[in-house]
Amino acid sequence: MEMIQIVGIGLLASILILVLKEQKPVFAFLLATATGILIFLFLIGKIGVILSTLEKVAASSGMESIYLKTVFKIIGISYIAEFGAQIVRDAGQESIASKIELAGKVLIMVLAVPIISIIIETVMKLLPA
């Protein structure tokens, strides 16, 4: 049912954007951005459920919470970078969108380095000397 609402919001906004784009492109861009934010806010509750479920699974498995928090940060950066790049791309600024995506990838790598280091150390301990 929620997906139908999201698709309805998207279709309605798309029609309005097509009408506005010819005469007021700035308003069309603002409407596209507001629609994206509205859909994101609609999904925040669902994201919270996913995060709490994964935290429970991680706690029951004995996994250190720092790793899960790092993974959550990586996922958040990827979603925010993608969302921002799409908004900028909607405004016709492809080069800035590419820079946002590049920044997201670099920030993800910075956060992933400690996890990758631990995985490499663990693999090295498992290998015979």
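Buried means under 20% relative accessible area, exposed means over 50%, and partly exposed lies in between (1.4 Å probe, protein chains only). By that rule, buried residues make up 15% of the 129 residues in the protein.

This is a predicted model: local features need pLDDT of at least 70, side-chain atom pairs count only at pLDDT 80 or more, and totals for chains, interfaces and linings use all residues. Residues are numbered from 1 along each chain as its sequence is written, and side-chain values use heavy atoms, with hydrogens and water left out.

Figure 1. Helices (H or I, at least four residues) and strands (E, at least two) are DSSP runs, numbered from the N terminus. The order of elements from the N terminus is α-α-α-α. The C-alpha trace spans about 70 × 35 × 20 Å along its principal axes. The radius of gyration is 20 Å, while a compact globule of 129 residues would have one near 14 Å. That radius is taken over C-alpha atoms, and the globule rule is 2.2 Å times the number of residues to the power 0.38. Contact means heavy atoms within 4.5 Å. Among contacts between residues at least 6 apart in sequence, 49% join residues at least 24 apart. The accessible surface comes to about 9,700 Å². Carbon and sulfur atoms hold 75% of that surface. Accessible areas come from the Shrake-Rupley method with a 1.4 Å probe; for residues, only the protein chains shown count as cover.

**Figure 2. Helix α1 covers residues 2–23.** Its 22 residues reach 32 Å from the first C-alpha to the last. That is close to the 32 Å expected at 1.5 Å a residue. The expected span of a helix is 1.5 Å times one less than its number of residues. Three names to find here are I6, A13 and I17, which are buried. The cover over the buried residues of α1 includes α2.

**Figure 3. L31 sits in helix α2.** L31 is partly exposed, with a relative accessible area of 23%. Leaving out residues up to four places away in sequence, L31 touches A13, L16, I17 and L20. Look at L16 in particular: the C-alpha atoms of L31 and L16 are separated by 8.2 Å. Along the chain, L31 and L16 are 15 residues apart.

**Figure 4. A nonpolar patch lies on the surface.** Its members are I37, F40, L41, F42, L43, I44, I47 and L51. Together they have about 630 Å² of accessible area. Patches are made of residues with over 30% relative accessible area and no salt bridge; like charges are joined within 9 Å, and nonpolar side chains (Val, Leu, Ile, Met, Phe, Trp, Tyr) within 5 Å. L43 is found in helix α2, residues 25–61. L43 is partly exposed, at a relative accessible area of 33%.

**Figure 5. K46 and E2 meet in a salt bridge.** Side chains of opposite charge can pair when their charged atoms come close. A salt bridge is a side-chain nitrogen of Lys or Arg within 4 Å of a carboxyl oxygen of Asp or Glu. By this rule the count comes to three salt bridges. In the pair of K46 and E2, the distance from N to O is 3.1 Å. The pair links distant parts of the chain, with K46 in helix α2 and E2 in helix α1, 44 residues apart. K46 is partly exposed at 41% relative accessibility. E2 is partly exposed too, at 38%.

**Figure 6. R89, E94 and E101 are linked in a network of salt bridges.** In the pair of E94 and R89, the closest N and O atoms are 3.0 Å apart. The side chains of E101 and R89 also meet, at 3.1 Å from N to O. E101 lies in helix α4 (residues 94–126) and R89 in helix α3 (residues 65–90), so this pair ties together parts that are 12 residues apart in sequence. R89 is partly exposed at 28% relative accessibility. E94 is partly exposed at 42%, and E101 at 23%.

**Figure 7. Helix α3 packs its buried residues against α2 and α4.** The buried residues are L68, T70, F72, I74, A81, A85, I87 and V88. At 1.5 Å a residue, the 26 residues of α3 should span 38 Å. The end C-alpha atoms of α3 are 37 Å apart, which agrees. After α3 comes G92, whose phi is positive, near 90°.
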